[in-house]
2 protein chains.
Amino acid sequence: MDSTSFFTSLGTSFVIFVVLMLLFVLLLRKPGNAVVYYPNRILKGLDPVQNGYVSRNPFLWIREALSSSQADIIRMSGVDTAVYFVFLTTALGIMVFSGFILLPTLLPVAATDHSVRSNNNTREWSFNDLDKFAMGHVGERSLRLWAFIIATYWVSFVAYYFLWEAYKHVVDLRVEALMSSEDRAEQFAVLVRDIPPVPKGESRKEQVDSYFSRIYPETFYRSMLVTNNREVNKIYEELVGYKKMLERAEAIYARSKETTPDGPKPTHKTGLFGILGEKVDSIEFYNEKINDLTSKLEAEQKVTLKEKQECSAIIFFNSRLTAASAPQSLHFPMADKWTVTYAPEPRQLIWANLPTNFYERIIRRYVIYTIVFVTIFFYMIPIGMVSALTTLSNLREQFPFLKPIVDQPTIKTVLEAYLPQLALIIFLALLPKFLLFLSKAEGIPSQSHATRAASGKYFYFIVLNVFIGVTVGSTLFDTLKSLQHKSSIVSLLGKSLPGSATFFLTYVAMKFFVGYGLELSRIVPLIMFHLKRKYMCETDAELKEAWSPGDLGYETRFPKDMLILTICLCYSVITPLIIPFGAVYFGFGWLVLRNQALKVYVPSFESYGQMWLHMHMRVVAALILYQLTMIGYFGVKKFYYTPLLIPLPILSFIYAFVCNKKFYRFFQSTALEVVPPGELKEVSNMEIIFNSFIPPCLDGSAVKSHSEDALSQFSRSASNV
Amino acid sequence: MDSTSFFTSLGTSFVIFVVLMLLFVLLLRKPGNAVVYYPNRILKGLDPVQNGYVSRNPFLWIREALSSSQADIIRMSGVDTAVYFVFLTTALGIMVFSGFILLPTLLPVAATDHSVRSNNNTREWSFNDLDKFAMGHVGERSLRLWAFIIATYWVSFVAYYFLWEAYKHVVDLRVEALMSSEDRAEQFAVLVRDIPPVPKGESRKEQVDSYFSRIYPETFYRSMLVTNNREVNKIYEELVGYKKMLERAEAIYARSKETTPDGPKPTHKTGLFGILGEKVDSIEFYNEKINDLTSKLEAEQKVTLKEKQECSAIIFFNSRLTAASAPQSLHFPMADKWTVTYAPEPRQLIWANLPTNFYERIIRRYVIYTIVFVTIFFYMIPIGMVSALTTLSNLREQFPFLKPIVDQPTIKTVLEAYLPQLALIIFLALLPKFLLFLSKAEGIPSQSHATRAASGKYFYFIVLNVFIGVTVGSTLFDTLKSLQHKSSIVSLLGKSLPGSATFFLTYVAMKFFVGYGLELSRIVPLIMFHLKRKYMCETDAELKEAWSPGDLGYETRFPKDMLILTICLCYSVITPLIIPFGAVYFGFGWLVLRNQALKVYVPSFESYGQMWLHMHMRVVAALILYQLTMIGYFGVKKFYYTPLLIPLPILSFIYAFVCNKKFYRFFQSTALEVVPPGELKEVSNMEIIFNSFIPPCLDGSAVKSHSEDALSQFSRSASNV
């Protein structure tokens, strides 16, 4: 890519960005769009606009974002979001502090070297104005490479410093959040899995209650048995569906009565898609269905609570200390029985995963790791097969009516080029969901943990396939064809990187211009909302659903940021020009997401910053990749002092080891020091906490009083608690 | 080695054994030897002989050993010894059950194969009568090898079964021991290390007390600060030494007065070794010294308690549950501060190791692993250097007066052969002590843990150097010289093993004939005791010290047993004749040690079977070594179906993984289920527990009442506890 096309691409991105910003400023002012631009504030019961009026100043949001404090973020969006901003700040800090030293020194050092142009013919890429400022422009064995060695060390130490400070900061955040005296349900509950089979003559309830009341005679409150809710949940969801449809039918009827007071009641057909079958009065039909299902649900609830008890339970203590220390302790001599773990927030509990067996979880985990590994490395094979199966000639045979269209030469060319791409696009769009599904299939009991696991998997995919794929992929091909000599992966990476530098410069620029432009302007959600409002929504609940903003989406957002950080780190010394691009990406990202976190997204769970473990580990992995790349590239430059860089990755491993030893445990388990003291003695408060864990499909007051079932308060043997 | 020399060697061992047994039977009857043969019973206040009379029956000890139950062993020698017997039984079980199948099938299968004798010339060892019964006698690619494949599987599955049952049995033992309601000091105490620096305006005592009384307001009792006792301990030991000498002088004086009522008081010279210097009255001199040191000790005790407080403490709770769960929990958000671990028994606490820093411990561990690795692999180098330096010519130059002796040809030959051996013998004798010293230097706070660590290190040394050294060493040399083609370590091991089979047969036989003969007859301790009694002991305390039997010595005993088990496993299929030898070794060992555990050795600590983790892991390691060896040997036999053995080591790894997951945690930490319920509310009992942890050098009642020091009960801030 030469300079002209680089600037063209940059310009295009910038123009799109300007258009998006103009749209944003215009659309923001319409009061009808408030639910798209301020849903988080609206859901929290705040005025959409902070001071009650829409300012004429289009840059107000920037001022608001900049002036918002960390406490604001935690209040509006939770600790997890605050930790995500710590990550963005850390990345920004690394970019800025690296740039301060690298740009003023390396650019002149590289640009004033004229030794390479003479033996230009050995290079595959030509030197344009941009490449002049890169390490590739410095001659082999040149003494100027010393500056680049020092720069490599500088970037590493800047990264260590910022990561270390960030880790301490995140620990403080987590400490503060856990210490807050607010009563949270999960502070009083623990999750027990792998309960051994019920002894004869006892019920499951008695078994669990007597076990925990013996060990914790003073702090055990009561237990909730986990049941197999598949059946009851199916009925419940059907019921909820019919209730929604009833509401909708009633709203339509009410509206039609306004215009024609004696108009017909709404009707529909009961068959497929409402097209076939008998025509019925909708309101009557739904009411009937709801009555049917309600009694069916109650019957099934009773059966579930009494007969579908599983080998898992939630235990409630009236002491935070017990609930915080129990999951860290071994209860049964064999670690594969009575395993106690922290209870996640009620809203993020994955009920279906709770009864999975100890060994089943281990086996599932390894099976899924294998599947992910295969997916990451060989994902092109199924896509290739799919596109081979759906070639034009196949399509023509299968669907003869397509023949006249397909046979036109222009359409044919487009389709032939397009079909494999389509398969790839669909695959990439579905991948995060697939990875989340896989992570849940591991038997993880909490939503946030599954999200973290999916995010980690997506990171490997994106870094391996986009970054290493783009850089090494092409070179590997060339190497195999022409050079024929074996080279290690490190030196291969070193050789490949410079060729793709300009590509990644435009890639980063596109990400912040177009990516964050779309993010801020919310054009797609806005259009979707208006379409839904016009053609589908009848009731208020449906309208609310149409603008519900969702959460920040860590599982894809963070790996994508990590890709940019990996690119920027790896190129920081080779092509220092990438540093300002990276700085703008993280700086502008911080600004835009600050706005989105305060006003748009609503977090769907809170894990008190456990995500940071993943973030930190992956940044260190990127750092090590960068250091290895540099060793490879200095090797390619035939610099005598390349071995001077070998201590760097070793240092990174020691750094990671120390971090792990020092910080890791706190993100896995609650330090007893930060547990707020005092017990919760009032039964009424404990009942609120207990009830918050009852899944909606079992939540019927008629059921709860039934004794001897999974939710009952007392078992015969442990009634003295 | 041919059959004749094999039987000669076997016969010699047997003769030695018979002589030792005769000596044992004769010496056992003399009442004066009771302290050598029954010290454990005497120290426990029991009659030396069970029924009060020395039976004429020389096999009585066998009946007693066989009829003793596991409960007897636990009562007389503790859980650790019982676990050691579980190991012996397991090894015996593996040998016996393997032998039942392998001996009647493999011996005829091998002996009736005549295919090899024809191409005998390719073998380096000749077939004697013994080798006929070995796998080496079966021809290459012979179908008879199928029997050996099945035998390999059989031995593995027998081992899995016995190990699994043993593991469950040991868990039961540990559960029972931990659940016993007897109050043990370590059940109420935990060890805190890495306490951060004292905040301004607080004393260390206040810092510790307020920290733990805040987290455990109801169960915290009091704390004991760890102090730097080096100075005070030196004074204390000097004092104890003088007290002993005074006692001795008084005993001599009292005895001399009996014969000559007005005889001279004992005197000695104060200089070097009591040879030089002024002549003084011993009793007076020692009394003076003791008075001096007592006041010096008291002063130093005060200084130590007040000023030499370290960053470590022992915390006492009045609840067993808290003391059992606290070490499993994280207390401070950073895991490198306020680390809480289980308190070992007071008698096995290594005080000097308590204040070592978190990272210092990690670094020390890795440094020591490196030292051990170097020692194991290159221990011949320093020995070689030492013997090179102490060659005869060097000796002659250094000590000219030796010349006339050294120059005699016979003496010269003997010495030249003997000097390197001597260096090796000294090295081997000192090695276990050196490894124990290294393990203590890791910063391990308990004696039993250090012993386990030393034992593990010794195992690697002995298996690598004796077993692999003997087998592979010689073959490697031959291979390097003659064959010149590369072979993997596995196939190398397979090739080397058969050559050393007869050597190891006699080795195992010698171990049980001579080794256990010496063990049972206790000839060496007996002679030592009588010599000491005659020439050195003056007081009762000295006499008691002379016959104090010591403990079972796991750190060397277990690795040596493991060597035999490794040898027997690895040869079980190749030379099935070794199986009865192994069975006799473990069976006879069980019998002899049962006697020794009941009557002789006194355990010096109790770890409730934590040693089993090491034992089990190393048996599994031996099993994997055996399976790899078999793959190698079948490869040498050019058997087509050798890959059928590959699942075996994989199976062993899975087995080890499952065992680890299921059992490991319980040996590291106490399962809360087995903690006896109830709290200890009486202060008097808690004071007994507290006092048992005070090291002898600080144990002065005058000191304890002093406030604000390391042992004081109340600190200003936490005086409400």
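**Ground rules.** I'm working on a predicted model, where local features need pLDDT of at least 70, side-chain atom pairs count only at pLDDT 80 or more, and totals for chains, interfaces and linings use all residues. Residues are numbered from 1 along each chain as written, chains are lettered from A and ligands numbered from 1 in written order, and side-chain values use heavy atoms, with hydrogens and water left out.

**Helix pair.** I looked up helix 19 (residues 501-521) and helix 23 (residues 578-599) of chain A, which pack at about 10 degrees with axes 10 Å apart. Helices are DSSP runs of H or I, at least four residues, numbered from the N terminus. Axes are lines fitted to C-alpha atoms over the stretch in contact, with angles from 0 to 180 degrees between N-to-C directions. So helix 19 of chain A is roughly parallel to helix 23 of chain A (angles under 35 degrees).

**Two copies.** I superposed chain B on chain A: a rotation of 180 degrees with 0.0 Å of shift along its axis does it, RMSD 0.1 Å (least squares on C-alpha atoms of residues with pLDDT of at least 70 in both). The two copies are thus related as by a two-fold rotation axis. In chain B, Gln328(B) has the C-alpha nearest the axis, 2.9 Å from it.

**Interface.** I found 38 residues of chain B in contact with 38 residues of chain A (heavy atoms within 4.5 Å). Chain B and chain A bury about 3400 Å² between them, 61% of it on carbon and sulfur atoms (accessible area, 1.4 Å probe, lost on being put together, summed over both). Leu330(B), Pro333(B) and Glu673(B) lose the most area in chain B, together 20% of what that side buries.

Note on methods
Helices (H or I, at least four residues) and strands (E, at least two) are DSSP runs, numbered from the N terminus. Angles under 35 degrees count as roughly parallel, over 145 as roughly antiparallel, 65 to 115 as roughly perpendicular and the rest as oblique. Buried area is the accessible area (1.4 Å probe) that two parts lose on being put together, summed over both.
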